[in-house]
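This briefing is meant to be read with the sequence and the model side by side. The points below are grouped by topic, so that each can be checked against the coordinates on screen.

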Amino acid sequence: MSSLIEVRSLVKRFGAKIVLRQLNFHVETGEFVALLGPNGAGKTTFLRILASLARPSLGEVWVAGFRLPQQAAHVRRRLGVVSHQPLLYGDLSAEENLRFYGRMYAVKDLEARIHEVLELVGLVARRRDLVRTFSRGMQQRLAIGRAILHDPDVLLLDEPHTGLDQDACDMLDGVLRQIAGQGRTVVMTSHDLARVEDLASRFDVLTGGRITASQPADGLPRDGLLAFYRQALESQRSLQGATR
């Protein structure tokens, strides 16, 4: 595959319900793609398929040169995933959590890497504290640390700002900017247009089970991301109305 992520004619059904319909999607190395769309559009389902946590019904999905679901084990080693659950152990400290995951991925120079990641997410001073004593924002930062510990090719983030207060969101944005600045490839779902407008290099809109609009950050209309998003939704509504 020429792209780091390549999705062709993806279909996902849950019984008789079709959530994703002939979806096409591609991401190049180093892109930061914000995946936008209304509730129920299928964004989380799509990310779960990319993360090899759900199987497509039809279509082709390639990540880092490997096909899903056939080569899921190879793909998982190249992914970092942050979902609605932090996937952390509350009765372990921050560094113990990272050590556990680092051993799973056979991270080289693990102790040095743990210190590096804790510095990046601003948790060095709390490295020996139990995760159950952390705030939601601190847990989210540690979850991102867990996700990047093994230096993955792709980082998948599903609504990472959900449930965070203003200060925690600002800290999370700082971490994401650092990650993007390191040349990592990021795909992130979000409803917070104001925040992702300053983070992402590309914006894709998922509606009706498909990617219906895509725009690089430097090509947004003068009125910004909100105007682009509203236009994409309105165009999709008009298309659906015309085909009824």
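**Briefing on the predicted model**

Leaving aside its neighbours within four places in sequence, Leu176 is in contact with Phe32, Ile144, Leu157, His161, Met188 and Leu199. The model in which these contacts are found is a predicted one.

**Nonpolar cores**

- The largest nonpolar core holds 49 residues, and Leu176 is listed among those with the most contacts inside it, together with Leu142, Ile179 and Phe203.

- S3 pairs in the parallel sense with strand S8 (residues 185–189) over four bridges, and within S8 the bridge partner of Leu35 is Thr189.
- S3 is also joined by four bridges to strand S9 (residues 202–207), again running parallel, and here Val33 stands opposite Arg202.

- Four strands form an open sheet in the order S2-S1-S4-S5, and their pairing is antiparallel.
- The edge strands of this sheet are S2 (17–27) and S5, each of which pairs on one side only.
- On average, neighbouring strands of the sheet are turned by 30 degrees against each other when direction is ignored.
- Within the sheet, S1 and S2 pair in the antiparallel sense over seven bridges, with Glu6 standing opposite His26 in S2.
- Helix H1 packs on the sheet, where it touches S1, S2, S4 and S5, and the direction of H1 makes about 120 degrees with that of S1.

- Ser3 lies in the segment before strand S1 (5–14), and with a relative accessible area of 7% Ser3 is buried.
- The side chain of Ser3 makes a polar contact of 2.7 Å with the side chain of Glu28, and a further polar contact, of 3.1 Å, joins the side chains of Ser3 and Glu6.
- Not counting residues up to four places away in sequence, Ser3 touches His26, Val27 and Glu28.

- The C-alpha atoms of Phe66 and Glu6 are 9.9 Å apart, although the two residues are separated by 60 residues along the chain.
- Leaving out residues up to four places away in sequence, Phe66 touches Val61, Gln71, His74, Val75 and Arg78.
- The peptide bond from Leu68 to Pro69 is cis, with omega near 0 degrees, and Pro69 is found in the loop between strand S5 (66–68) and helix H2 (72–76).

**Positive phi angles**

- Ser52, which is not a glycine, has a positive phi of about 65 degrees; Ser52 sits in the loop between helix H1 (43–50) and strand S4 (58–63) and is buried, with a relative accessible area of 11%.
- Leu87, likewise a residue other than glycine, has a positive phi near 55 degrees; Leu87 lies in the loop between strand S6 (79–82) and H3 and is partly exposed, with a relative accessible area of 44%.
- Ala106, which follows H3, has a positive phi near 55 degrees.

**Helix H3 and its cover**

- In helix H3 (residues 94–104), the buried residues are Ala94, Glu95, Asn97, Leu98, Arg99, Tyr101 and Gly102.
- Among the elements that cover these buried residues of H3 are helix H4 (110–120) and helix H5 (136–148).

Notes:
Residues are numbered from 1 along each chain as its sequence is written. This is a predicted model: local features need pLDDT of at least 70, side-chain atom pairs count only at pLDDT 80 or more; totals for chains, interfaces and linings use all residues. Side-chain values use heavy atoms; hydrogens and water are left out. Buried means under 20% relative accessible area, exposed over 50%, partly exposed in between (1.4 Å probe, protein chains only). Helices (H or I, at least four residues) and strands (E, at least two) are DSSP runs, numbered from the N terminus. Contact means heavy atoms within 4.5 Å. A nonpolar core is a set of buried Ala, Val, Leu, Ile, Met, Phe, Trp, Tyr and Cys residues joined through side-chain atoms within 4.5 Å. A polar contact is a pair of N or O atoms within 3.5 Å; within protein, one must be able to donate a hydrogen and the other to accept it, and residues adjacent in sequence count only if both atoms are side-chain atoms. Two strands pair if DSSP finds at least two bridges between them. Axes are lines fitted to C-alpha atoms, for helices over the stretch in contact, and angles run from 0 to 180 degrees between N-to-C directions.
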